[in-house]
Structure formats: structure tokens, C-alpha cells
Amino acid sequence: MDAESNQKLPVSSSSQSQEGLKKGPKMTRKGAYAAISYMASAVLLIMFNKAALSSYNFPSANVITLFQMLSSCTLLYAMKCWKIIYFTTEPQITTNNPVTLVPFKTLVHTLPLAISYLLYMLVTMASVRGINVPMYTTLRRTTVAFTMIVEYILTRQKHSHPVVGSVGIIILGAVVAGARDLSFDAYSYGVVFVANICTAIYLASIAHIGKSSGLSTFGLMWCNGIICGPILLVWTSISGDLGRMINFPHLFSHGFQAVMLFSCVMAFSINYCVFWNTTLNSALTQTICGNLKDLFTIGLGWLLFGGLPFDLLNVAGQSLGFLGSCLYAYCKLRGK
């Protein structure tokens, strides 16, 4: 029973007071583990993906995403068949469909989550084009504000003044960090803000649908994979990415295969941690963890790959972002 209960997603109590809705739930020890696990998995995934795309010059990020998704679905299918995991919060609920492994009605219920994930993935990849990296990072960190707005629209979730203040510090830090690159490009700015909106909708959808679908974290991952996987397969076939992958000179290199293996493992881990962290804590907490993760990624990337020029404004902005993230973590741990 303990193993089964660990896979249950937290469900909001209908008797939750208005004051509780304003402040939000206090972060538990389990929630802290979820947040830390996400950040560790995200940093490692970025390092392995960078090694594949930069060190080995692999031509397509979409194909890497496809491999990661197929690997996750294969592992989930095997663990489900061996009864190591369950896709629903109530293990006795089963389906006769040997393909989906979840009731068709439940699969349809998660369709908005899968669509928001596809939009998030495609628009995010397009948003990095036509804009420099410092400004891209600056604009992407404003996702926290969009997440707060989407959370309020979908779940009427309100936040205390200290939490709102910590988010304001993060956004200020992002603006300071990119202050030397505030060149205006209406189209590029627009695409990045659309990516922010898609990210916020995706995270809020995890929190909303995850608590109402009756699915475990593994079940949400499975539904997301079997809906998005075929679409991504068709997309990579039409775009020619699969053809370029077949002609890749390092395809059978043991070093490249090891990097891809660890990339797929970390992708499975981060997908689980995103669902786990978002449903256990909140979409806003997940977004803050993403900002905090960026700081560790910058530091580790500088140590491993170098090439990061020193800029006082950038350091000041990153420090403000770190301060805001720490303040937010303190508020959640104290239940403010």
C-alpha cells in the first residue's frame, strides 16, 4: 500500500479556506525533494544535450526529443506491464485497452495537456531564433508573471505579498542582466512572449489536469507521450530531421551513444520531476525552480565549457534573480 500511495497526486480540498487560497500551501519536505530533484535533473539534461548538439554537432534537437519521448514511453509500458507502477491513483482501476493502458475517456481528458506541451515545445524552439541569448534569457524569465496570471485564471490561485515581491525581484534581476542588450525586435519579442504564455499554460495544465484526471504522475507522462510521440514522429519525418539523423557520421560512435543514453535517462527523470513538482507544489514553484536552475546551469556550463565573458550588470542581475528565488523558497517553506 505504501508504494501505491506514493504515486497518488495531491488533490485540493474543497473545504480549503480563502486565506489558504491566498497564501498557497506550505511546501512540505516531500515538495522540497521534488523541487531539488527537478533542478538536478534539469541541469544534467542540459549538459548532456549540449554535449550531443555542440560537442558532436548532432543536427536535430527534435530527433533528440523524439528519442527521449520514445524511450520514456517504452520504459513506462514495461514497468506498467510488470506491475512496478500504476497509471492511476487507484491501482484497481484498469482498462481492457492494451494500447493506451488507460481509459479512453481519461486519455481525452488529458488532451489539453498534450496540446499545450506541443505548443510549448514548438514555440520555445522557435523563440530562440532572431534574438540574442542575454535578451532571450531576460524575456524568458518573465514567465513567472505569466504563470501567476494563468494560475489565477484556471484555479483562482492567489499569492501573498512576499511571494509577489519575490517574483518582482526575479523579473527585475532578469531586466538588469539583459540591460546591455535591450534592442527591440517586435517579431522576436512577440514570439518569446508567446513561448512564455505557452509555458505558463502547460505548467498550469499539469497542476489542474493532474489533480482532476485520477492519473498518477506516471500516468500523466504516459498520456503525454502516446499523444505527442506520433505527432513529433510525423513532424521530424516531414522536416527531414530523420534523414539527417541517418546520415550523421557519429551515429554509431560509442561516445555519442553513451551521451544519448544518459540524455534519455535524464529526460525521463526531468519529465517525472516536472509533473511531480508541479502537482505537489504549484506551477509557480516549478517556474521559480526553472529560474534557479538557470543559475546553476550558467555556473556549471562556465566550469565545463567556458566562453562566458564577465559583465558586472549580468552578474548583478543573476544575483538579484538568485535572491528572489531564495526569498520565494523561504516564503513557501514558511507557508507565507
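How many aromatic pairs does the structure hold? The structure holds 11 aromatic pairs, rings of Phe, Tyr and Trp (its six-membered ring) counting as paired if their centres lie within 6.5 Å. This is a predicted model, in which local features need pLDDT of at least 70 and side-chain atom pairs count only at pLDDT 80 or more, while totals for chains, interfaces and linings use all residues. Residues are numbered from 1 along each chain as its sequence is written, and side-chain values use heavy atoms, with hydrogens and water left out.

**Figure 1. Overview of the protein.** The secondary structure comprises 15 helices and zero strands; both are DSSP runs numbered from the N terminus (helices H or I, at least four residues; strands E, at least two). Of the 336 residues, 46% are buried (buried is under 20% relative accessible area, exposed over 50%, partly exposed in between; 1.4 Å probe, protein chains only). Among contacts (heavy atoms within 4.5 Å) with a separation of 6 or more, 86% are between residues 24 or more positions apart.

**Figure 2. The aromatic pair of Phe-58 and Phe-248.** The two rings lie 5.0 Å apart, centre to centre, with 85° between their planes, and the pair is edge-to-face (planes over 60 degrees apart; under 30 is stacked and the rest tilted). Phe-58 belongs to the loop between helix 3 and helix 4, and Phe-248 to the loop between helix 12 (241–246) and helix 13, so that the pair links parts of the chain 190 residues apart. Phe-58 is buried at 5% relative accessibility, and Phe-248 is buried at 7%. Ring pairs join Tyr-56, Phe-58, Phe-248 and Phe-256 in a cluster.

**Figure 3. Helix 3 against helix 4.** The axes of helix 3 (residues 29–55) and helix 4 (residues 61–81) come within 11 Å and cross at roughly 130°. Axes are lines fitted to C-alpha atoms, for helices over the stretch in contact, and angles run from 0 to 180 degrees between N-to-C directions. The two helices are therefore oblique to each other (under 35 degrees is roughly parallel, over 145 roughly antiparallel, 65 to 115 roughly perpendicular, the rest oblique). The crossing of helix 3 with helix 4 is right-handed (the near helix is turned clockwise from the far one by less than a right angle; anticlockwise is left-handed). Leu-45, Asn-49, Ala-52 and Leu-53 of helix 3 meet Ala-61, Ile-64 and Gln-68 of helix 4. This contact has five nonpolar, two polar and no charged residues (nonpolar: Ala, Val, Leu, Ile, Met, Phe, Trp, Tyr, Cys and Pro; charged: Asp, Glu, Lys and Arg; polar: the others, Gly among them).

Figure 4. The axes of helix 3 and helix 13 (residues 254–280) come within 8 Å and cross at roughly 150°. These helices are therefore roughly antiparallel, and their crossing is left-handed. The contact involves 21 nonpolar, seven polar and one charged residue. Trp-276 is in helix 13 and is buried at 17% relative accessibility. Not counting residues up to four places away in sequence, Trp-276 touches Lys-30, Tyr-33, Ala-34, Ser-37 and Thr-217.

Figure 5. Most residues other than glycine have a negative phi. Asn-57 has a positive phi of about 55°, in the loop between helix 3 and helix 4, and is exposed at 54% relative accessibility. Lys-83 has a positive phi of about 60°, in the loop between helix 4 and helix 5 (104–109), and is exposed at 63%.
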